[in-house]
Amino acid sequence: MMGPSHALSGAAVWLSGSWALQQFYGYEQSPLALAVGTAVCAGGALLPDLDLSGKVTRNQGGATVARTFGVFSLFVAEVVEKVSLGVYYATKLSRDPKRSNGHRTLTHTIPFTVLVGWGTTTLCARYGKWAVIGILFFMIGLALRGLFDEWAERAGWVIVTLVSAGAAFFTAANLPGDRGYPMIGLAVGVGSFVHILGDMITRAGVPILWPIPIKRRMWTPISLPDRIALRAGGRTEIVVVRTALTIVSVLAATGLAAPSVLDRFDLDI
């Protein structure tokens, strides 16, 4: 799937999950916490594609996520790609093919989603405000790049960086730590997992079962059969999938906002 579809899927999952928690378990979130969780999950849904690097010195190429902060994020993507490729060759078995890059390897596995979710929560809990600001800055930037890709492309990475920094400082100053910090880690992990599921419905698939060996392969790609799998960037993804995800997001957001609106105007249904 393409970057905007991944980001939208993260937002849709977080909003619909939040609605379910509120509806059936009475777990309510403040508007700010809900907005932050949605943005972080959308950003997290782009995070695994940091394993697709581009031309760092020319600020070109790479995945959507790699271009978020210009040459800086492209450099990070270059490092992640090389580390992923190194892990691939360190763990590959006899039937795993040779590779020239690390795309759709390490960062497209369940251990990675668990690691980034746990790592985010640990950093926020241990280092407090400044860790939260850094993580929010990065994740909000990814969310902006994915959800508003045309605007981000026109505005450029400097504007995206400034907006992300402002939003991160504002959020860190107003988000309660007792419930806010763990939810940030959860949102990152959920977003990354949603990304993997999104790539599983494409023809290339992902090695979601790593490090479980299957028929002398450690990096077996799991995907839908070709006859029903999506073509990344195809009409079905852009029109059907994105429309469906948008509808889910709007309905979930409406359901979340409805109780407070009704209470404010003393309405009952």
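**Salt bridges in the predicted model**

**View 1. Asp199 pairs with Arg104 in a salt bridge, with 3.2 Å between the closest N and O atoms.** A salt bridge is defined here as a side-chain nitrogen of Lys or Arg within 4 Å of a carboxyl oxygen of Asp or Glu. Because Asp199 belongs to helix α8 and Arg104 to the loop between α3 and α4, the pair ties together parts that are 95 residues apart in sequence. Helices are DSSP runs (H or I, at least four residues), numbered from the N terminus. Both Asp199 and Arg104 are buried; buried denotes under 20% relative accessible area, exposed over 50%, and partly exposed in between (1.4 Å probe, protein chains only). The model is predicted: local features need pLDDT of at least 70, side-chain atom pairs count only at pLDDT 80 or more, and totals for chains, interfaces and linings use all residues. Residues are numbered from 1 along each chain as its sequence is written, and side-chain values use heavy atoms, with hydrogens and water left out.

**View 2. Arg217 and Asp96 form a salt bridge, their closest N and O atoms lying 3.4 Å apart.** Arg217 is in the loop between α8 (177-200) and α9 (235-264) and Asp96 in the loop between α3 (71-91) and α4 (110-127), so this pair ties together parts 121 residues apart in sequence. Arg217 is partly exposed at 23% relative accessibility, whereas Asp96 is buried at 3%.

View 3. Lys82 is partly exposed, with a relative accessible area of 46%, while Glu81 is buried, with 4%. The count of salt bridges comes to six.

Key: Helices (H or I, at least four residues) and strands (E, at least two) are DSSP runs, numbered from the N terminus.
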